[in-house]
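Trainee: Could we go through this model together, one question at a time?

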Amino acid sequence: MKITVVPNGPLLIDTEGPWTYTGEAGPTKNNGRIAFCRCGASANKPFCDGKHKTSGFLAGGGECDLAPR
Ligand code: FES
């Protein structure tokens, strides 16, 4: 699993296979990538809907690889 914090954007989670989100907005099936909103402007929380591009959200980014060692 890899987690990417997109500069000025969402939290991207890349998995090695499909999975299902079952939270308040769910269930949502996914085929290996999902983007969670971190700007607060999405109309489809907890998912990113692209509003960060026009909301003026500014934040740093980074990556975390959670592969087994
Ligand atoms: S991070 Fe994309 S809409 Fe919030």
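Trainee: Is Cys64 buried, partly exposed or exposed, and at what relative accessibility?

Mentor: This is a predicted model, in which local features need pLDDT of at least 70 and side-chain atom pairs count only at pLDDT 80 or more, while totals for chains, interfaces and linings use all residues. Residues are numbered from 1 along each chain as its sequence is written, and side-chain values use heavy atoms, with hydrogens and water left out. Buried means under 20% relative accessible area, exposed over 50%, and partly exposed in between, with a 1.4 Å probe and protein chains only. Cys64 therefore counts as partly exposed, at 36%.

Trainee: How many disulfides does a search of the whole structure find?

Mentor: A disulfide is a pair of cysteine sulfur atoms within 2.5 Å. The closest cysteine sulfur to that of Cys64 is in Cys48, and because 20 Å lies between them, they are too far apart for a bond. Across the whole structure, the number of disulfides found is 0.

Trainee: Which residue forms a salt bridge with Lys2?

Mentor: A salt bridge is a side-chain nitrogen of Lys or Arg within 4 Å of a carboxyl oxygen of Asp or Glu. For Lys2 the closest N and O atoms of the pair are 3.6 Å apart, and the partner is Glu63. Since strands are DSSP runs (E, at least two residues), numbered from the N terminus, Lys2 belongs to strand 1 and its partner to strand 6 (residues 62-65), so the pair ties together parts 61 residues apart in sequence.

Notes. Helix = DSSP H or I, 4+ residues; strand = E, 2+ residues; numbered from the N terminus.
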